[in-house]
Each structure stands twice: as C-alpha cells, then as structure tokens.
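Subject: A structure for you to explore

Hello,

Here is the structure I promised to pass on to you. Have a look at it first, and then read on for what turned up in it.

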Amino acid sequence: MHAEDTALILLAAGRSRRFGDADKLAQPFLHKPVAFHVVTALEAIPFLARIAVIDGTKLDFASRGFDVIVNDDPGAGMSRSVQLGLRAARAAGAKGVVIALADMPRITAAHVYRLLDTAQGDDAVVASSDGTKPCPPAVFGQGRFDFLESLEGDAGARDLVRAGRHVITTPAELIDIDTPEDLDRLRAIAESPEQHDAITLPQPQPWHRPRLE
C-alpha cells in the first residue's frame, strides 16, 4: 500500500485514567511533548491526509499538518475515535489508513513503511507486534472500513487484527505511556548513557503492551 493513498489517523483522545489529571500527551519527554514524538517521526511520510482525533489535550496538532477532529464522546471508547477518523479518511479518498496512538513516542517511520509494504489490497490488515501479540500502529485497507466503523466500545477488532499479518519490531519501539511511572522509566532509560541501548535493542522488559481492540 502506498503512503500517498493512505491516511494517518492519530488517536489522541481518551480518559487516561491511569495517568491522573495531567494531560499525558503534553508531558515533556526529550524536550518535546510525548505526542509530538510520533508526529515528528512520521512527518516525512507523504500521507494523503493526516487526521488527529482529540478530546481534552491542548496540543496544537493543526500546526503540525493535521486535520483535527474533536471526539464528542471519548467515554465511548477507542472505537468512537476510530469511527471519526475513518469518516475523515473516506472524505479524503483514502484507500487505506494507518492507525497510530499518540502515546507511543518510540515509533519510527521505518517501521510504518514496513507495515505499508506488507499491506496488499483493499482487505489488508497489518498490525505491529513484539513477537507475542499484535498492537498499533496498524494498517487497514478500505475494504475493512465498514467493519471498523461498526464497532462499539474498546473491543471488537481483536479477532480481525489477530487474523491479519504482523510485522515484528523491537519491544522498545512499541512502548506506550499509560502511567506517570511508565514515563519516568522511559525518561530514565533515554537519559542514561549506560541504558541507552534499551531504547533500540529487543529485550524482556515490564512495559505495558498496547492493544488494538
């Protein structure tokens, strides 16, 4: 699947109960907000459209080239954000979408290109994996849009994703930030020369693995 025919849907909405009252996406990590790491990593990919679905964050995704959609019901789960993003992708004429999470600051363009290269045809389903379970970012062809838009809550796409193709990358690339402790551990690794390889090398670690459900 070609990036030029694909829309990027960045999910930046949700209650983030485990992080507390602070906006986790705006928390600083290596001199920029958590959410802007994936934005920066993917900014050179020539997507047909870039769509950010938000609710409470004050981050200015529009200034980074995104069409911004406000999720009017974030309590309905991730599926509501996906529906809103897909409607915008359809309107842009996208033949596929890359669904990514804004709280995954270690995602690279190289990995997303591998996902796109693996996605073939309108019915494509390609997810990331740490070698154990699939997770975002994931690519879906336009033949899957109707099914994804029909989902409710935070569950429903699990079987579809499990049955699709998986592109394995290092567990460190798939770290997501759910709690302040997650962010503190990532900062400690990133800022420590002795532990810097933990960012790039695969190894067992206790990180929460994000799931696309």
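One term before we start: a residue is called buried when its relative accessible area is under 20%. Please also keep in mind that this is a predicted model.

Let me begin with helix 3, which spans residues 109-118. Its buried residues are His-111, Val-112, Leu-115, Leu-116 and Thr-118. Because they cover an arc of only 165 degrees around the axis, they sit on the same side of helix 3. Among the elements covering these buried residues are strand 1, strand 6 (96-101), strand 7 (125-129), strand 8 (134-141) and strand 9.

Helix 1 (residues 34-41) is another one to look at: six of its eight residues are buried, so the rest of the structure largely encloses it. The buried ones are Val-34, Ala-35, Phe-36, His-37, Val-38 and Val-39. Their cover includes strand 1, strand 2 (28-29), strand 3 (32-33), strand 6 and helix 6.

In soluble globular proteins, nonpolar side chains tend to be buried together. Here the largest nonpolar core has 58 residues, and Ile-9, Phe-61, Val-97 and Phe-140 have the most contacts inside it. Strand 1 (residues 6-12) gives the most to this core, contributing six residues. There is also a second, separate core of eight residues, with Phe-29, Ile-177, Leu-186 and Ala-190 among them.

Next, a residue I would like you to find yourself: where does Glu-173 lie? You will find it in the loop between strand 9 (165-168) and helix 6 (180-190). Glu-173 is buried but has no salt bridge. The nearest side chain of opposite charge belongs to Arg-114, 4.5 Å away. A salt bridge here needs the nitrogen and oxygen to be within 4 Å. What Glu-173 does have is a polar contact, side chain to side chain, with Thr-169 at 2.7 Å. Setting aside neighbours within four places in sequence, Glu-173 is in contact with Arg-106, Ile-107, Thr-108, His-111 and Arg-114.

That brings us to charge pairs elsewhere. Side chains of opposite charge can pair when their charged atoms come close. How many salt bridges does the structure hold? There are nine, and here are some to look up:

- Asp-178 and Lys-24 form a salt bridge, with their closest N and O atoms 3.7 Å apart. This pair links distant parts of the chain, 154 residues apart: Asp-178 is in the loop between strand 9 and helix 6, and Lys-24 is in the loop between strand 1 and strand 2. Both Asp-178 and Lys-24 are buried.
- Asp-72 and Arg-80 meet in a salt bridge at 3.1 Å, N to O. Asp-72 counts as exposed because its relative accessibility is 60%, whereas Arg-80 is buried, with a relative accessible area of 16%.
- Arg-185 pairs with Asp-182, their closest N and O atoms being 2.7 Å apart. Both lie in helix 6, three residues apart, which is about one turn of the helix. Arg-185 counts as partly exposed at 36% relative accessibility, while Asp-182, at 4%, counts as buried.

Enjoy looking around, and send me any questions you have.

Best wishes

Key:
Residues are numbered from 1 along each chain as its sequence is written. This is a predicted model: local features need pLDDT of at least 70, side-chain atom pairs count only at pLDDT 80 or more; totals for chains, interfaces and linings use all residues. Side-chain values use heavy atoms; hydrogens and water are left out. A nonpolar core is a set of buried Ala, Val, Leu, Ile, Met, Phe, Trp, Tyr and Cys residues joined through side-chain atoms within 4.5 Å. Buried means under 20% relative accessible area, exposed over 50%, partly exposed in between (1.4 Å probe, protein chains only). Helices (H or I, at least four residues) and strands (E, at least two) are DSSP runs, numbered from the N terminus. Lys and Arg count as positive and Asp and Glu as negative; His and the chain ends are not counted. A polar contact is a pair of N or O atoms within 3.5 Å; within protein, one must be able to donate a hydrogen and the other to accept it, and residues adjacent in sequence count only if both atoms are side-chain atoms. Contact means heavy atoms within 4.5 Å. The arc is that of the directions from the helix axis to the C-beta atoms.
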